[in-house]
Amino acid sequence: MSKHDHPGVYIPPPLIYLAFFFLSVLLQKWLPLNSDFLQGAVVKATGWIVIAAGALLVLPAVWKFFVSKNTVMTMKPASSLQTTGIYNFTRNPMYLGLLLLYCGIAVFKGNWWTFIIIPLLITTVQLYVIKKEEHYLQRAFGNKYLQYKKKVRRWI
């Protein structure tokens with residue numbers, strides 16, 4: 001595996017989520033939507049649950065990379081293929097977890113736009129990040145990745 005071969009994702013994925021979040025804040029400023037529904041105690045409790053679920057996906061995924069001395073930087077080559085632990089349930093626990101964190105924080109921000117643009121966010125992550133990573137992992141790990149891909153779903 002070449003030191004120069006990598007997924008080719010030059011914008012760190014967390015920044016993509018952050019950019020969409022700020023876009024939703026701007027949309028709310030330009031085209032305000034009533035967010036009274038997002039102010040109740042039950043909704044806020046749901047927000048905390050969604051944030052906790054996101055953290056429960058992101059933290060073990062990052063820990064797995066740390067323990068295996070792999071990189072989370074998408075512009076560097078992977079040193080190993082993650083297939084155990086949280087990666088037994090989803091091939092992209094970090095992106096799924098970031099999406100849940102995004103949604104949970106959106107509840108506290110009280111902004112419908114944050115939810116409305118989720119399909120655009122998912123499409124961007126899917127096409128710009130995940131597809132490139134999948135092509136790279138297939139090049140780097142060959143049949144081992146293809147077998148893993150058959151066994152474990154992309155998102156959930």
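I began with E134, which forms a salt bridge with R91, the closest N and O atoms being 2.7 Å apart. E134 sits in helix α5 and R91 in the loop between α2 (41-67) and α3 (93-109), so the pair ties together parts 43 residues apart in sequence. The model is a predicted one.

I looked up the accessibility of both partners. E134 has 6% relative accessibility and counts as buried; R91, at 12%, counts as buried too.

I then checked E134 for a further partner. R154 forms a salt bridge with E134, with 2.8 Å between the closest N and O atoms. R154 lies in the segment after α5 and E134 in helix α5, 20 residues apart. R154 is partly exposed, at a relative accessible area of 23%. Salt bridges with shared partners join R91, E134 and R154 into one network.

I counted three salt bridges in total. Another of them pairs R139 with D5, the closest N and O atoms being 2.6 Å apart. R139 belongs to helix α5 (residues 118-151) and D5 to the segment before α1, so this pair ties together parts 134 residues apart in sequence.

On the surface I found a nonpolar patch of I11, L15, L18 and F22, with about 380 Å² of accessible area together. F22 lies in helix α1 (residues 13-30).

Last, I noted the whole chain. It has five helices and zero strands, and 42% of its 156 residues count as buried. It exposes about 9100 Å², of which carbon and sulfur atoms supply 71%.

Note on methods: Residues numbered from 1 in each chain as written. Predicted model: local features only at pLDDT ≥ 70, side-chain atom pairs only at ≥ 80, totals over all residues. Heavy atoms only, no water. Helix = DSSP H or I, 4+ residues; strand = E, 2+ residues; numbered from the N terminus. Buried < 20%, exposed > 50% of the residue type's maximum accessible area, 1.4 Å probe, protein only. Areas by Shrake-Rupley, 256 points an atom, 1.4 Å probe, with all protein chains shown as cover. Patch = residues over 30% accessible without salt bridge, like charges linked within 9 Å, V, L, I, M, F, W, Y side chains within 5 Å. Salt bridge = Lys/Arg side-chain N within 4 Å of Asp/Glu carboxyl O.
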